[in-house]
Amino acid sequence: VVMEVGFAGQQISQMPMANFADPEGFTMLPDGTLVLAEERLGRAYRFAYAAGNALDRSTLASFAVGPNTGTNSGSEGIAHDPRDGSFVAIKEKNPSNVFRVTGSFATGQSTYADLFPASGLALADIADVYALAAAPAAAIASGPDADDLLLLSQASNRLLHVTRTGTVRASVDLAGLGVNPEGTTMDDAGRIILCADGVPSRLYVFAKAPTPCPCTADLN
């Protein structure tokens, strides 16, 4: 099921799914449609969210975003770059890959190639990716980091800020959460949102700490 939830964890609506093998990553296109990555098939499927309607994979336009592994180590996450319509897709492990993908849902044709050697990141896996160019916050999407990516590792419990050449610019240790981080995205306030796998599943919202006021005042 595809589910819409609020920041307080409340369920708003849902869309039942049929004929999917192993759905994993999500990204949103500028027109509001969604793209879902199928891990074992190595394909991305486009659809429009409609609460209560059935979502049948066999009716959706798709193209390849990675190898068809047939195993639980394939296309684990996907991100859209609205600047040129390309995607970044990640293969989870054995080995991990970070692909730049170009393709057409109209024709089903696509190409994908490594952005950089993922082995240089020293991560046990890669669970999701987010392209900062897609951030709703204009200061991020058009700022100096716009070409960069967020990469999430479930097995290593880390969130990395990396360039598209594989240079790590920042890293956050998530081990203290005690959960399995599976997905990441960003909201219009620039807050980073993590989805954690488990019972129950959880959402974590990370916001920038308030900047202390540098001024002083005489209260006498």
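**Labels and the values behind them**

Guide: Let us start with a facing pair: H161 stands opposite A170 in β16. This is a predicted model, in which local features need pLDDT of at least 70 and side-chain atom pairs count only at pLDDT 80 or more, while totals for chains, interfaces and linings use all residues. Residues are numbered from 1 along each chain as its sequence is written, and side-chain values use heavy atoms, with hydrogens and water left out.

Visitor: What makes β15 and β16 a pair of strands?

Guide: Strands are DSSP runs of E with at least two residues, numbered from the N terminus. Two of them pair if DSSP finds at least two bridges between them. Strand β15 (residues 158–162) and strand β16 (residues 168–173) are joined by five bridges and run antiparallel, so they meet that definition. Their hairpin has five residues between the strands, and G166 there takes a positive phi near 95 degrees.

Visitor: Why is T163 called buried?

Guide: Buried means under 20% relative accessible area, exposed means over 50%, and partly exposed is in between (1.4 Å probe, protein chains only). T163 has 16%, so T163 is buried. This residue is found in the loop between β15 and β16.

Visitor: What does T163 touch, leaving aside its neighbours within four places in sequence?

Guide: T163 is in contact with F116, D148 and R169, where contact means heavy atoms within 4.5 Å.

Visitor: How do you know that the side chains of T163 and T165 make a polar contact?

Guide: A polar contact is a pair of N or O atoms within 3.5 Å; within protein, one must be able to donate a hydrogen and the other to accept it, and residues adjacent in sequence count only if both atoms are side-chain atoms. The value for the side chains of T163 and T165 is 3.0 Å, so the distance falls within the cut-off.

Visitor: Why does N68 count as exposed?

Guide: N68 has 55% relative accessibility, so N68 counts as exposed by the over 50% rule. N68 lies in the loop between β8 and β9. Not counting residues up to four places away in sequence, N68 touches R40, L41 and G42. A polar atom of the N68 side chain also lies 3.5 Å from the backbone nitrogen of G70.

Visitor: And what label does G198 get?

Guide: G198 has a relative accessible area of 31%, so G198 is partly exposed. This residue is found in the loop between β18 (192–197) and β19 (202–206).

Visitor: Why is the ring pair of F63 and F105 called tilted?

Guide: A pair of aromatic rings is described by the distance of the centres and the angle of the planes. Rings of Phe, Tyr and Trp (its six-membered ring) pair if their centres lie within 6.5 Å; planes under 30 degrees apart count as stacked, over 60 as edge-to-face and the rest as tilted. By this rule the count comes to six aromatic pairs. In F63 and F105 the centres are 4.4 Å apart and the planes are at 35 degrees, so the pair is tilted. F63 lies in strand β8 (residues 62–64) and F105 in the loop between β11 (97–103) and β12, so the pair ties together parts that are 42 residues apart in sequence. Both F63 and F105 are buried, and ring pairs link F63, F87 and F105 into a cluster.

Visitor: What makes β17 and β19 edge strands?

Guide: Three strands form an open antiparallel sheet in the order β17-β18-β19. β17 (180–186) and β19 each have a single partner strand, so one side of each is left without a neighbour in the sheet. Six bridges join β17 to β18, and G183 stands opposite C195 in β18.

Key:
Helices (H or I, at least four residues) and strands (E, at least two) are DSSP runs, numbered from the N terminus.
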